Amino acid sequence: MSDQQPIINGMDEINDLIQTCLTGDQTAYTALYDQFATGIYRLCYSLVLQRQDAEDVMQETFVYAFKNLYRFDANRASFKTWLYTIAVSRCRNTYRRKRLPNIDFGQLFRLEIAAPRSERPEAELARKAAEDALRQALYALTPPLREAVVLRYGHGLTYREIADVMGCPAKTAESRIRLAHQHLKHILQAHGQGLLEELLSF
Amino acid sequence: MIKLLHILYCKWHITAYVNGELSPIQRRRMARYIENYPECYVEYRRQRDLSRELAERLPILGAPQGGQLQRLWRLIEGDVAKPATIILSASQMVVYSLSLTALLWMVVLMTTLHNSGVTTLVITPPTPDNAVLGVETRDPNHTTPAIPPTFVAVATSGGFEISTAVSNAQLTDRDTYQNPYPTPKLGE
């Protein structure tokens, strides 16, 4: 297993992999994990915004998914949607337990993105500032809006897929994206002049 | 008025438009409004820029660091291999442990009391004075009134046969009743 996401194209290949997993093949489990681990970790991190929590949620998600793999029905949803649904549900449990406040931006804005080594200090600072602005903006959103915007822009899901993952009608998903846009615009503009420009111009 | 409606329509659907989530008819309509109304065009630019930036920035937010996924895989592998166990949350753990402690204390307390010979004081309710006085002041020559015999109708092939099948029940002779717990009189 590696940090590099292997390329498995097509739903058929994923479904074959799942069938192999169900026969008890350990390497198939590893391949399935390799395929989705990065995406699930990013999703969890973007929603709970804390590294340790994101790791816990990701672990719970995969353990649940692998133990309940026989329940997955390829006719009802894609494996990605199924896995994302589990992850989002676990994230909701986490921020319900933690009762994340939506106003206090303290303590948690530490950047985790590995910067390219060739980056100059000024460029790195600017990148960090832009990332912090984005993180603050995400943190200030309510959980449903954050979920919608992360699924749309962080993972490229369509409105239909977002609705499936979030368990709401497609129109609701659309409204949430629209509201998230409005909020993000206001938040970024409100946080000191230039944060939006910084984010947009970087 | 119509212009205002068009602008409102535009503002309402602009996010879906920049995300490519509108139907072809709606897309054409939106393109027309953006072209005709400067307000719509400004909003379109703003939303498009924000969407682009989000689509560029969000995918790299929280990208896993080197070795992080391998470490997590080892944990997941171990958990999956384990037989299913009941996982309790922290609050459930607290509630269950408190309940268990309370139960243990009760058992210990009961055992200790039982072995130390401590008896519990049970307060008996006072005997109703009316009942005692009723027994004591009863006329010794008084006889219990007889309950009239019960007539029973038995259906036979030839009609009804009425008989006094049930005799009087023998009542308890309350005159001989001695109250084992007489009520102490005042001054005694």
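**View 1.** Helices H2(A) and H4(A) cross with a right-handed sense (right-handed if the near helix is turned clockwise from the far one by less than a right angle, left-handed if anticlockwise). The model is a predicted one, in which local features need pLDDT of at least 70, side-chain atom pairs count only at pLDDT 80 or more, and totals for chains, interfaces and linings use all residues. Residues are numbered from 1 along each chain as its sequence is written, while chains are lettered from A and ligands numbered from 1 in the order in which they are written. H2 of chain A spans residues 26–48 and H4 of chain A residues 79–98; their axes lie 10 Å apart at an angle of about 30°. That angle makes H2(A) roughly parallel to H4(A) (under 35 degrees is roughly parallel, over 145 roughly antiparallel, 65 to 115 roughly perpendicular, and the rest oblique). Axes are lines fitted to C-alpha atoms, for helices over the stretch in contact, and angles run from 0 to 180 degrees between N-to-C directions. Helices are DSSP runs of H or I with at least four residues, and strands are runs of E with at least two, numbered from the N terminus. H2(A) contributes Phe36(A), Ile40(A), Leu43(A), Cys44(A), Leu47(A) and Val48(A) to the contact, and H4(A) contributes Leu83(A), Tyr84(A), Ala87(A), Cys91(A), Thr94(A) and Tyr95(A) (two residues are in contact if their C-beta atoms, placed from the backbone, lie within 7 Å). By class, the residues of this contact are 11 nonpolar, 1 polar and no charged (Ala, Val, Leu, Ile, Met, Phe, Trp, Tyr, Cys and Pro are nonpolar, Asp, Glu, Lys and Arg charged, and the others, Gly among them, polar).

**View 2.** H4(A) also packs against H7(A), residues 159–166, at an angle of about 50° with the axes 8 Å apart. The two helices are therefore oblique to each other, and their crossing is right-handed. Thr81(A), Tyr84(A), Thr85(A) and Val88(A) of H4(A) meet Glu161(A), Asp164(A), Val165(A) and Met166(A) of H7(A). This contact comprises 4 nonpolar, 2 polar and 2 charged residues.

**View 3.** H7(A) is largely enclosed by the rest of the structure, since 7 of its 8 residues are buried (buried: 20 or more other C-beta atoms within 10 Å of the residue's own; exposed: 12 or fewer; partly exposed in between; C-beta atoms placed from the backbone). The buried residues are Tyr159(A), Glu161(A), Ile162(A), Ala163(A), Asp164(A), Val165(A) and Met166(A). Gly167(A) follows H7(A) and has a positive phi, near 70°.

**View 4.** H6(A) is mostly covered, with 10 of its 12 residues buried. Among the buried residues are Arg146(A), Glu147(A) and Arg152(A), along with Leu145(A), Val149(A), Val150(A) and Leu151(A).

**View 5.** Leu49(A) lies in the loop between H2 and H3 of chain A. Its phi is near 60°, a positive value in a residue other than glycine. Leu49(A) counts as buried because it has 20 C-beta neighbours inside 10 Å.

**View 6.** At the interface, 35 residues of chain A are in contact with 28 residues of chain B. On the chain A side, two or more residues each come from H2, H3 (51–67), H6 (143–154), H8 (170–190) and H9 (195–201) of chain A. H3(A) gives the most, with 8 residues. This side holds 21 nonpolar, 5 polar and 9 charged residues. The model scores ipTM 0.75 and pTM 0.63.

**View 7.** Chain B contains 6 helices and 2 strands, in the order α-α-α-α-α-α-β-β from the N terminus. Of its 188 residues, 13% count as buried. The mean pLDDT of chain B is 75, and 59% of its residues reach 70 or more (pLDDT is the predictor's confidence in each residue, from 0 to 100). Among the elements of chain B, H2(B), residues 24–36, has the highest mean pLDDT (93), and H6(B), residues 129–136, the lowest (52). Over residues 165–171 of chain B pLDDT stays under 50, and the model has 10 contacts beyond four places in sequence for them. Where pLDDT is low, the predicted coordinates should not be read in detail.
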